[in-house]
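Here is a briefing on side-chain packing in one protein chain. Look at the sequence and the model first, then read the points below.

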Amino acid sequence: MTDPTQEEREEGADRLYEMLRSRGYLKALALCALIGVPVSLAAFWFLVGLHELEGVLWSDLPEALGYETPPWWWPLPLLTIAGAVVGVTAARLYGGGGHVPAEGLKVGGASHRALPGVVLAAFASLPFGAVLGPEAPLIALGGGLAVLAGRLARAPETPRSTALLGAAGSASAISAIFGNPLIGGVLLIEIAGVAGPQLVAVMLPALLSSGIGYLVFTGFGRWTGLNTGSLSLNLSSQAPRLDAGDVLWSFLLAVAIGAVVHGVFAVARPVAAFVSAQLPARSAACALAAGGCAALYTLITDRTPVEVASSGQATMSELAADPHAWSVGALVAVLAFKTAAYVLSLGALRGGPVFPALFLGAAAGVLCAPLPGLGVVPGMAAGMAATAAAVLRLPVSSSILVVLLLGSAEMIPVVILAAVTALVAVELLHAPRRAAKR
């Protein structure tokens, strides 16, 4: 690829200037700002509903039945119900309950007609123990609502305006779940894969709605006192200064994680194909098998099955706050059983692939922390960056996300190294499959 000439840069700047001063684009920008408020409120209550239902199913109900923590068999009926409902939703409702998470995180093609199925599948999957996160349903919810709002406002419907509204709505919906409004805009930009003037044109509505969405989330959350849950870490120790050992082990850890993530999705895609051939029976069977992973984990370790049968969001915070509470055996067990349940959930249920990947990366980092020259914080930083980049295939978004989670700039070199290394490893392993399709 050759660098653009000065003339080409000036032409691009002129096109951007004309775009920004056009009435149509300014109207779209204003509409995106207005849409950010109702979309964020809808996303807020969506996440509150998921959080509250999860608390009822995994805390309140077991306590009402006399259990201090969910017993080993608890995930089996819940995830069987989840698989059956998702199977019926995928077979009967428009949009199939959202895209299959084994295909990765996707944006675009926002449709308000798919919203009932997306919401139903998310509520059937996530609170019931699916090893998935809420980011994919939020992207679909935000994009679909934004397009619907644009239609109700009688805004001109063109492929370009629909894409802008969908990106802005999605960014607004996910702005707070990742703990920072910046990541919402960056994630949507990088997924969109646009460049030049188009990049800025998409960036402004996405960032604007993302910032507004975050304000709505934080302000409305404080006012109501309700909790939606968001990714945040409270590290047990300060970030140390990096040395050669941190860099070396981070590189090796990222290579290994890239290979494992490639294997996870290589298995999850056939699982998704197997499930789609006979819904809802096979989705229920695979979900039951995911519950069996959580049950076996509890029987072996005597720890709560929630550590396997969940997105990993809350468990990751606990792991970061007190990593020494986890023995080597517990870390190995949670990595093994949660990875297996993750594969099954990616193929059979509905949700996003990011949250469980971050937990698995953090757990792998803590497990490897005793290696000579490594430490807990660099290990977690490298593990999370590697899994995020390997799953998302978005190195910039992954690096920003992990740096914001850590709340420290000290780990930026390790984060970037791990993200780039894992992405390269996944792409190299994926190349033969891509060539075979041709």
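Glu307 touches Tyr297, Thr315, Trp326, Val334, Lys338 and Phe359, leaving aside residues up to four places away in sequence; contact means heavy atoms within 4.5 Å. Glu307 lies in the loop between α10 (281–301) and α11 (313–321). Its relative accessible area is 6%, so Glu307 is buried; buried means under 20%, exposed over 50% and partly exposed in between, with a 1.4 Å probe and protein chains only.

This is a predicted model, in which local features need pLDDT of at least 70, side-chain atom pairs count only at pLDDT 80 or more, and totals for chains, interfaces and linings use all residues. Residues are numbered from 1 along each chain as its sequence is written, and side-chain values use heavy atoms, with hydrogens and water left out.

**Helix packing**

- The axes of α12 (residues 328–348) and α13 (residues 354–368) come within 10 Å and cross at roughly 155°. Helices are DSSP runs (H or I, at least four residues), numbered from the N terminus. Axes are lines fitted to C-alpha atoms over the stretch in contact, with angles from 0 to 180 degrees between N-to-C directions.
- α12 and α13 are therefore roughly antiparallel, the term for angles over 145 degrees.
- Their crossing is left-handed: the near helix is turned anticlockwise from the far one by less than a right angle.
- On the α12 side, the contacting residues include Val334, Lys338 and Tyr342. On the α13 side, they include Phe359, Leu360 and Ala363.

**Aromatic pairs**

- The structure holds 7 aromatic pairs. Rings of Phe, Tyr and Trp (its six-membered ring) pair if their centres lie within 6.5 Å; planes under 30 degrees apart are stacked, over 60 edge-to-face, and the rest tilted.
- The Trp73 and Trp74 rings have centres 5.4 Å apart and planes at 50°, so this pair is tilted.
- Trp73 is partly exposed, at 32% relative accessibility. Trp74 is buried, at 5%.
- Phe265 and Tyr342 pair edge-to-face, at 6.5 Å centre to centre and 85° between the planes.
- That pair links distant parts of the chain: Phe265 is in α9 (residues 244–276) and Tyr342 in α12, 77 residues apart. Both Phe265 and Tyr342 are buried.
- Tyr67, Trp73 and Trp74 are linked into a cluster by ring pairs.

**Charges over rings**

- Arg113 lies over the face of Tyr94, 3.9 Å from the ring centre. The criterion is NZ of Lys or CZ of Arg within 6 Å of the ring centre and within 35 degrees of the ring normal.
- The charged end of Arg303 sits over the ring of Trp326, 4.1 Å from its centre. Trp326 also touches Glu307.

Key
Helices (H or I, at least four residues) and strands (E, at least two) are DSSP runs, numbered from the N terminus. Angles under 35 degrees count as roughly parallel, over 145 as roughly antiparallel, 65 to 115 as roughly perpendicular and the rest as oblique.
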